[in-house]
Amino acid sequence: MIGLYGGTFAPVHNGHLRFAIEARERLGLEAVHMLACAQPPHRDKPGIDGPRRHAWLEQAVADVPGLVADDDELRHDGPSYTVDTLRRARARFPEQTCVWLLGADAFNSLHGWHRWQELFAYAHLVVAARPGHALTPHPEVAAYPQVEIAALRQQRHGCWHAIAIPEMDIAASAIRARLREGACVRGLVPDRVLDTFQDTDFADLAAQA
């Protein structure tokens, strides 16, 4: 069973890594593939180009067992729809059960995603349940079976599970805001990533809303 975790990762931060690590350990995943998207469907294209964001992911996971920087979404044009990513994942990993990792806010708005029902045809969904972030999915989403971890292995797709993760109030938008203010972001961004930043990286991140 493998996990897939998508995002803009502009920049990747320690909250992203913590969720991926917690999911891998608790679900017994062979690996978690972290995918920097090319074009988010519901927001402007990131101001940081895909190859740079993917390179940051590679640095971030270099010394973390079981985490993989995956460039699948960057190799395809157009919006990075999750349903297409999962369809390709099933073809790429035909012997594996795939698990899509997402946060509570994303899960609560899942009913507005492109062809969201098809996600359950390709994978299970695992949601990060954090203190102060209630799980309130749309009734159509909540109708899919919520199961325990053991049950995820008994089916190839179609279920969802919530895991409680340690509170880490870190957001990429807040990191970019700190950079605009000239504040330090060490401890928020992985040291291996931060140590590779050039002046242009700091400037481009600060310029992004």
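A residue counts as buried when its relative accessible area is under 20%, as exposed when that area is over 50%, and as partly exposed in between (1.4 Å probe, protein chains only). Keep that in mind for the exercises below. This is a predicted model, where local features need pLDDT of at least 70 and side-chain atom pairs count only at pLDDT 80 or more, while totals for chains, interfaces and linings use all residues. Residues are numbered from 1 along each chain as its sequence is written, and side-chain values use heavy atoms, with hydrogens and water left out.

**Exercise 1. The cysteines**

Task: Find out whether C159 is buried or exposed, and how many disulfides a search of the whole structure finds.

Solution. Start with accessibility: C159 has a relative accessible area of 1%, so this residue is buried. Next comes the bond itself. A disulfide is a covalent bond between the sulfur atoms of two cysteines; here the test is a pair of cysteine sulfur atoms within 2.5 Å. The search of the whole structure finds zero of them. For C98, the nearest cysteine sulfur is that of C159, 14 Å away, and C98 is in no disulfide. C98 is also buried, with a relative accessible area of 1%.

**Exercise 2. The sheet**

Task: Work out the strand order of the open sheet and say which strands stand at its edges.

Solution. First, the terms: strands (E, at least two residues) and helices (H or I, at least four) are DSSP runs numbered from the N terminus, and two strands pair if DSSP finds at least two bridges between them. The six strands come in the order β3-β2-β1-β4-β5-β6, with parallel pairing. Now look at the ends: β3 (67-70) and β6 (160-164) each have a single partner strand, so one side of each is left without a neighbour in the sheet.

Then follow β5. Strand β4 (residues 98-103) and β5 (residues 124-129) pair in parallel over five bridges, and V127 of β5 is the bridge partner of L102. On to β6: five bridges join β5 to β6, again running parallel, and L125 stands opposite W160 in β6. Finally, five of the six residues of β5 are buried, so this strand is largely enclosed by the rest of the structure.

**Exercise 3. A helix on the sheet**

Task: Which strands does helix α3 lie across, and what does T85 contact?

Solution. Helix α3 (residues 82-92) lies across β1, β2, β3 and β4, running at about 150° to β4. Such angles run from 0 to 180 degrees between N-to-C directions, with axes as lines fitted to C-alpha atoms, for helices over the stretch in contact. The buried residues of α3 include V83, L86 and A89. The buried residues of this helix pack against β1, β2, β4 and α5 (119-122).

Zoom in on T85, which sits in α3. At 1% relative accessibility, T85 counts as buried. Contact means heavy atoms within 4.5 Å. Leaving aside neighbours within four places in sequence, T85 touches L35, D72, E73 and W100.

**Exercise 4. A residue of α8**

Task: Is A177 buried or partly exposed, and what distance separates its C-alpha atom from that of R92?

Solution. Begin by placing A177, which is found in helix α8. At 23% relative accessibility, A177 counts as partly exposed. For the distance, the C-alpha atoms of A177 and R92 are separated by 38 Å, the two residues being 85 residues apart along the chain.
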